[in-house]
Amino acid sequence: MAALAIEISNLSHTYPGSRRSDARQALKEISLQIRPGERLVFLGPNGSGKTTLMRILMTSLPPQSGTVRVGDLDLVRDVSRIRRQLGVVFQRPALDGSMTVVENLRAAARLYGITDIKNRIDSYLGRSGLEGRRRDLVKNLSGGLARRVELVKALLPKPRILILDEPTSGLDPVARRGFWEQIEAEREERELIVLVTTHLMDEAEQCDRVAILHRGELMTCGEPGQLRAEMGAEVLVLEGEDLKGLAQEMKEKFQVDCSLVDGALRMTLSQEISLDQLRRQLGSRMRSLTLSHPSLDDVFVELTGQHLGSQGSLSQDGLVGSGD
Amino acid sequence: MRAISVLARREVVRYFRQPSRLVGSLAQPLLFWLFLGAGFSGSFRSADGGPGYTEFLYPGILLMMLLFAAVYSTITLIEDRTAGFLQGVLVAPVSRLGVVLGKLIGGTAIATFQATVFLLVAPAAGIALTGQLAATLIPLFLLVGMGFTAFGFVIAWSSESVSGYHAVMSVVMIPMWMLSGALFPMESSSPWLAAVTALNPVRYAMVVVRKACYESVPDLMRDPDFVLSLAVTAAWLILTTAAAVYVASRRPKA
């Protein structure tokens with residue numbers, strides 16, 4: 001089987017306005033190539049367009065303008081052939097709680113036209129540790145187990161593309177690790193593109209590439225390490241009184257631009273700054289000082305002016321220096 | 001085809017797993033029949049020495065059972081959307097026609113089952129329960145049931161919530177049923193009412209079911225009133241099914 005890639009070109013989407021709300025452009029001219037077998041994570045706060053993009057890719061929303069090609073298939077024209085290659089784990093549960101685990105899987109298998117239903121289900125239940133729960137009603141399962149069933153349901157038709165929309169939200173770290181281990185086990189057997197959205201930086205770090213969306217635009221896309229390296233050597237975060245004054249001072253004395261994010265002053269350092277000198281200069285006006293290597297969250301803040309987990313824009317009385 | 005059998009079977013399985021739904025939907029029409037029948041039988045006189053009120057009402061209650069079971073079976077569509085199950089079905093490689101027919105066949109099966117169970121009390125109404133009666137009525141249950149399941153589907157697809165759907169459907173279905181000839185003969189009602197009910201699809205279903213309770217198939221096929229009503233009922237089925245496929249192939253609500 002030839003390697004499968006996805007090509008997104010100039011994808012835009014606008015939600016029509018109504019009496020109560022204005023029309024809103026959720027995606028603006030997104031172009032992106034997804035490579036065979038890669039794990040790509042979409043990062044973005046609410047309203048960044050990542051949910052719209054995921055809905056288009058999972059074929060629940062048709063593209064308005066622009067094209068998406070999956071291998072040599074077109075997302076609009078060949079939608080039913082593309083659906084055969086997709087496995088989707090939705091943000092909201094998509095199982096029938098009043099049916100058992102195995103009944104849910106059997107129904108899904110039939111919908112996808114799988115022929116060796118029994119063997120396929122047995123093998124997946126075995127390797128996901130759900131064997132003992134096959135006759136349980138889904139509504140009686142814990143959140144972590146129910147998510148595992150969702151994943152088995154998505155993998156059952158042996159899709160070539162796995163789409164995971166916030167798959168592990170609400171799961172504890174152990175359940176989360178189990179969830180990802182199962183995906184890795186699948187990837188060891190065959191080529192599988194994994195497209196995922198998450199709020200969790202450590203999940204994003206594990207992916208091959210990170211695409212950052214902000215207000216409907218694709219800000220950047222690259223390997224996590226590379227994105228961090230491009231940021232600069234270190235990130236300095238200052239908390240204290242009179243942040244505007246501090247920002248002014250940092251610019252004059254150290255030639256660095258600061259931005260105000262989440263009530264703290266934040267700057268990226270490309271050259272080393274002496275901590276002693278900093279402490280002498282700023283004295284008691286500085287309440288705390290944090291120096292760290294850039295994380296993906298720092299990359300995100302640098303590009304969007306806000307933290308990933310935060311809602312809306314956080315610049316209070318305008319950003320100081322760079323970042324806006 | 002796969003989608004049809006998966007979804008239809010699921011409807012039926014869910015129905016039998018909710019004993020309260022089973023009991024409630026059978027008991028309510030039965031009580032309706034007993035109380036209305038007992039209450040009105042003293043004041044109701046057929047023009048030509050025909051059946052008493054309890055017997056007159058029986059086919060009407062039978063139809064009520066069929067209609068309400070058919071229409072309300074589509075509530076599962078709203079539940080499936082709220083619970084998230086539907087989103088998975090809609091991205092599966094199955095046609096929308098398959099999704100619609102699966103739901104319709106499941107709902108029709110449930111409605112037909114209920115009406116058939118209610119048929120067992122026909123002797124209490126003075127209608128002999130014969131194999132011929134069942135063989136005539138059950139195909140008609142399927143025809144009428146599917147038309148109204150499809151009608152329910154169209155409304156349910158665009159309903160936000162189960163409670164909203166209930167409110168809309170009780171305002172629509174109860175008057176349609178009351179003005180169908182189920183409770184009183186439409187022939188003796190005022191002319192304006194007769195004119196209004198000429199547009200009521202339930203009225204034709206009522207004629208079909210009531211006549212089939214008494215006449216044999218050859219007699220029915222010679223009865224122009226029955227044939228016309230059957231034709232309207234079949235047209236209603238085609239119309240509502242087409243409408244259901246149409247709404248389902250547009251964008252689903254987010």
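1. Helices (H or I, at least four residues) and strands (E, at least two) are DSSP runs, numbered from the N terminus. Counted that way, chain A has eleven helices and 14 strands. Please keep in mind that this is a predicted model, in which local features need pLDDT of at least 70 and side-chain atom pairs count only at pLDDT 80 or more, while totals for chains, interfaces and linings use all residues. Residues are numbered from 1 along each chain as its sequence is written, and chains are lettered from A and ligands numbered from 1 in the order in which they are written.

2. Let's start with chain A as a whole. Along the principal axes, its C-alpha atoms fill a box of roughly 75 × 45 × 45 Å. Of its 324 residues, 39% are buried, where buried means that 20 or more other C-beta atoms, placed from the backbone, lie within 10 Å of the residue's own. Two residues are in contact if their C-beta atoms, placed from the backbone, lie within 7 Å. Among the contacts in chain A with a separation of 6 or more, 70% are between residues 24 or more positions apart.

3. Now pick out one residue, Ser48(A). Look for it in the loop between β3 (39-43) and α1 (50-57) of chain A. Ser48(A) is buried because 24 other C-beta atoms lie within 10 Å. Apart from neighbours within four places in sequence, Ser48(A) is in contact with Leu213(A), His214(A) and Arg215(A). Gly178(A), by contrast, is 130 residues from Ser48(A) in sequence and 29 Å from it in space, C-alpha to C-alpha.

4. Next comes a sheet. Two strands pair if DSSP finds at least two bridges between them. Four strands of chain A form an open sheet in the order β2-β1-β4-β5, with antiparallel pairing. Its edge strands, each pairing on one side only, are β2 (24-34) and β5 (73-74) of chain A. On this sheet packs α1(A), touching β1, β2 and β4 (65-70) of chain A, and its direction makes about 60 degrees with that of β2(A). Strand β1 (residues 6-15) of chain A is joined to β2(A) by seven bridges, and the two run antiparallel.

5. Helix pairs are worth a look too. Axes are lines fitted to C-alpha atoms, for helices over the stretch in contact, and angles run from 0 to 180 degrees between N-to-C directions. In chain A, helix α8 (residues 224-231) and helix α11 (residues 296-304) pack at an angle of about 60 degrees, their axes 9 Å apart. Where do they meet? Pro224(A), Leu227(A), Arg228(A) and Met231(A) in α8(A) meet Leu296(A), Asp298(A), Val299(A) and Glu302(A) in α11(A).

6. Finally, see where the chains touch. Chain A gives 21 residues to the contact and chain B gives 17 residues. On the side of chain A that touches chain B, the elements giving two or more residues are α2 (79-83), β6 (86-89) and α3 (101-111) of chain A. Of these, α3(A) gives the most, with three residues.

Note on methods: A residue is buried if 20 or more other C-beta atoms lie within 10 Å of its own, exposed if 12 or fewer, and partly exposed in between; C-beta atoms are placed from the backbone.
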